[in-house]
Amino acid sequence: MQVEVTDIEVMVEGEGLADVEIIRLSQGSTAREIVAAIALKGGFPAEEAVLLIEDSDEPVDLAIVLTEGTVGGKVHHVHRAKKIAVTVFYKELEKEKHFPPSARVQRVLDWAVSKEGFNIDPTIAPDMELALHDDKIPDDQKTPLPKNAHIGRYVHHPHHRLALDLIRGKVPNGSGR
Amino acid sequence: MTPDNPDNPAHTAADADLASARFRAGILRRQWRIVSYAFPVLIMAVAAVEPDGASSEYFFRFELSGFPGTAPAVQIWDCATNALLAANRRPKGSKRVVEAFKDWGPHKDTVYRPWERTSGSHNNWAQAHPDLAWHSKRDLTFILEDLHGLLTSNAAARSSRPAA
């Protein structure tokens with residue numbers, strides 16, 4: 001009797017990738033093979049990289065066997081940085097905090113508007129966005145980063161730093177700027 | 001209206017978007033879900049956070065004829081009545097949220113965002129904000145990410161300091 005072997009689908013972002021991707025690995029593969037697949041795409045040595053779950057801080061044990069139970073329902077991240085020093089600029093102020101490369105832009109934004117960040121007035125906090133730091137471009141011409149993007153997407157080894165601007169999102173007719 | 005024909009390029013393009021990793025990641029994160037899909041009409045539910053912090057969701061009707069060369073027409077929808085959601089039941093929050101889902105005039109019953117088919121041409125809205133305007137390289141997830149960002153933005157007000 002022929003046994004059908006089903007591939008495991010893994011949703012993953014990583015160093016060198018522009019967006020989240022789905023890769024397919026054989027049943028019985030280990031987490032190490034997720035790292036190897038992304039390292040191959042990104043063009044870096046797999047042994048230097050770690051595997052993280054979206055928005056979590058601790059690397060995954062690369063020896064675990066991939067099953068729907070271990071990788072299903074999760075977005076993963078592969079990167080050579082374990083932590084990224086994120087500096088956020090707002091008006092004349094700046095604040096820094098370390099995040100894993102698997103942190104979504106939303107997680108950094110949540111910190112930036114919070115009491116631990118810039119303590120933004122709640123009447124404008126819902127309008128705030130993050131953009132790549134550029135002091136030559138006016139805030140109203142900056143493009144907000146997608147909130148689901150992992151910050152590792154914007155960081156290139158060996159520079160484990162990211163500079164962002166906290167800006168006000170667009171309101172219809174430009175009236176909210 | 002475009003017939004439900006899988007050989008239709010717009011139908012093929014919409015199907016491809018619904019199978020993409022970014023779209024599926026949003027479902028996995030419980031940010032949105034498909035309620036129904038019979039091309040050219042797609043009904044989506046998008047997760048929301050109300051001003052009191054309660055979780056909720058809103059429905060949106062996408063009309064996808066000519067997609068992606070033509071921007072989707074997107075209406076906030078009431079699945080119970082299969083009609084536009086009543087104005088008094090629309091999302092509440094910051095000005096940006098209220099403006100996006102307002103009733104903005106007779107025969108202008110769509111979501112009010114630069115990427116939307118009807119409102120994008122209103123008041124030079126799309127030209128003024130190209131990073132939110134529709135073009136044929138955009139995808140459905142771009143719209144869903146914008147809607148989800150607006151609908152959950154009330155959470156930010158609750159994590160920052162008390163209002164002055």
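The contact between the two chains draws 38 residues from chain A and 31 residues from chain B, where contact denotes heavy atoms within 4.5 Å. The structure is a predicted model, in which local features require pLDDT of at least 70 and side-chain atom pairs count only at pLDDT 80 or more, while totals for chains, interfaces and linings use all residues. Residues are numbered from 1 along each chain as its sequence is written, chains are lettered from A and ligands numbered from 1 in the order in which they are written, and side-chain values use heavy atoms, with hydrogens and water left out.

About 2900 Å² is buried between chain A and chain B, and 54% of this area lies on carbon and sulfur atoms. Buried area is the accessible area (1.4 Å probe) lost by two parts on being put together, summed over both. Five salt bridges are found across the interface of chain A and chain B, a salt bridge being a side-chain nitrogen of Lys or Arg within 4 Å of a carboxyl oxygen of Asp or Glu. A salt bridge joins the side chains of Glu129(A) and Arg96(B), with an N to O distance of 3.0 Å. Eight residue pairs, both members at pLDDT 80 or more, are in polar contact between chain A and chain B. A polar contact is a pair of N or O atoms within 3.5 Å; within protein, one must be able to donate a hydrogen and the other to accept it, and residues adjacent in sequence count only if both atoms are side-chain atoms.

On the side of chain A that touches chain B, two or more residues each come from strand S1 (8–14), strand S2 (21–25) and helix H3 (105–113) of chain A. Helices (H or I, at least four residues) and strands (E, at least two) are DSSP runs, numbered from the N terminus. S2(A) provides the largest share of this side, three residues.

Cis peptide bonds, with omega near 10°, link His157(A) to Pro158(A) and Phe39(B) to Pro40(B). Pro158(A) is placed in the loop between strand S7 (128–132) and strand S8 (161–168) of chain A, and Pro40(B) in the loop between strand S1 (32–38) and strand S2 (41–49) of chain B.

Although not a glycine, Lys91(A) has a positive phi of about 55°. Lys91(A) occupies the loop between strand S5 (84–90) and strand S6 (93–99) of chain A. With 66% relative accessibility, Lys91(A) counts as exposed; exposed means over 50% relative accessible area, buried under 20% and partly exposed in between (1.4 Å probe, protein chains only).
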